[in-house]
Structures are given as C-alpha cells and as structure tokens.
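Grab a pencil and work through these exercises with the structure open beside you. Try each task yourself before you read its solution.

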Amino acid sequence: NAGDPVSYKFECTPNDVIVTETGVTKLMDLKTGQPIGDDSSAVMTAGAAMMALATDKGDPQLVPAEAVKNAASGWDLTIRLPKNDRQLKAVGKAKMMSLFTSGYTMAVMMDGPARARWNDFMRRCQA
C-alpha cells in the first residue's frame with residue numbers, strides 16, 4: 001500500500017491463530033468517541049483497542065485487542081482467535097478480507113491463489 005507501514009500477520013499456535021495488524025493509525029475510543037493519538041507519546045485508553053477479522057461472508061465481531069506502540073507510527077493490534085473460529089474459515093472462501101478496527105482499515109482482495117494459500121495455512125495450522 002503506497003508506503004503505508006500497515007501489515008497483517010497470522011501465526012499458528014497449538015490452540016489459536018494470533019492475528020496482528022501493524023501500524024494502525026487514526027484509532028478512536030468507541031466508548032468516548034475520542035481519537036487515540038498515533039505519535040510516540042500517545043496513550044491507549046483502557047478498552048479502546050478492538051479488532052475483528054472480517055470478510056465479505058459476515059459481519060465483523062470486534063473483540064478486545066492487545067495494543068503496542070508501533071516504532072514507525074500508530075499501534076500494533078493483536079487478537080487471538082480459536083482455530084475453529086468462523087471468520088478464520090470464511091477467509092478461505094471470501095473475495096475480500098480485512099482486519100477491522102476503529103481506525104485505518106484496508107481490504108485485501110482474495111483471489112484463487114490467495115484463497116489456496118490461506119486454506120493451506122489453515123490446513124497446516126490444524127495439524
């Protein structure tokens with residue numbers, strides 16, 4: 001994305017898939033409606049870090065995320081999803097996926113090769 005420091009990372013663990021979006025900016029505290037700063041002195045208010053794995057196959061279900069300041073800008077948000085999570089499975093059939101937050105969110109188009117790579121990841125993750 002044109003130099004944006006945003007990336008998605010998926011890691012398999014024995015029980016979960018760890019999902020991280022790096023460099024999330026323009027977050028808003030959904031409880032107060034106040035913006036969360038992106039600079040080095042910014043503070044994440046309690047309960048403001050929320051994220052969901054979203055596809056074109058359903059509505060995003062925001063869950064509390066772990067938030068860590070990103071060295072370049074913004075925040076790195078991480079959630080853990082059980083391996084049998086519906087949205088994890090939906091990615092393998094989706095035309096689009098995204099890590100949905102209260103801030104900058106980008107959609108990733110899923111074509112045949114991308115879905116095949118995802119399904120291979122999930123197959124290996126289940127083993």
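**Exercise 1. Find out how exposed Glu11 is, then find its charged partner.**

Step 1: Glu11 has a relative accessible area of 33%, so it is partly exposed. The scale is simple: buried means under 20% relative accessible area, exposed means over 50%, and partly exposed lies in between (1.4 Å probe, protein chains only).

Step 2: The side chain of Glu11 meets that of Lys9 in a salt bridge, at 3.9 Å from N to O. A salt bridge here is a side-chain nitrogen of Lys or Arg within 4 Å of a carboxyl oxygen of Asp or Glu.

Step 3: Lys9 comes out at 44% relative accessibility, so it counts as partly exposed too.

Before you go on, a word on the numbers. This is a predicted model, where local features need pLDDT of at least 70 and side-chain atom pairs count only at pLDDT 80 or more, while totals for chains, interfaces and linings use all residues. Residues are numbered from 1 along each chain as its sequence is written, and side-chain values use heavy atoms, with hydrogens and water left out.

**Exercise 2. How many salt bridges does a search of the whole structure find? Describe the ones made by Arg80 and Arg124.**

Step 1: The search finds three. Side chains of opposite charge can pair when their charged atoms come close.

Step 2: Arg80 pairs with Asp16 at 3.2 Å, N to O. This pair ties together distant parts of the chain, since Arg80 sits in strand β6 (residues 75–82) and Asp16 in strand β2, 64 residues apart. Strands (E, at least two residues) and helices (H or I, at least four) are DSSP runs, numbered from the N terminus.

Step 3: Arg124 pairs with Asp120 at 3.0 Å, N to O. Both belong to helix α2 (residues 112–126), and because they are four residues apart, about one helical turn separates them.

Step 4: Now check the exposure of these two. Arg124 is exposed, at 54% relative accessibility, whereas Asp120 is partly exposed, at 30%.

**Exercise 3. Work out the strand order of the open sheet, and say which strands stand at the edges.**

Step 1: Four strands make up the sheet, in the order β4-β3-β7-β8, with antiparallel pairing. Two strands pair if DSSP finds at least two bridges between them.

Step 2: The edges belong to β4 (63–64) and β8 (107–109); each has a single partner strand, so one side of each has no neighbour in the sheet.

Step 3: Look between β3 and β7, and you'll find five bridges. Leu53 has Leu99 as its bridge partner in β7.

Step 4: Between β7 and β8 there are three bridges. Here Met97 has Val108 of β8 as its partner. A hairpin joins β7 to β8 through five residues.

**Exercise 4. Where is Met28 placed, and is it buried or exposed, or in between?**

Step 1: Find the loop between β2 (16–24) and β3 (50–55); that's where Met28 is.

Step 2: Its relative accessible area is 35%, so Met28 is partly exposed.
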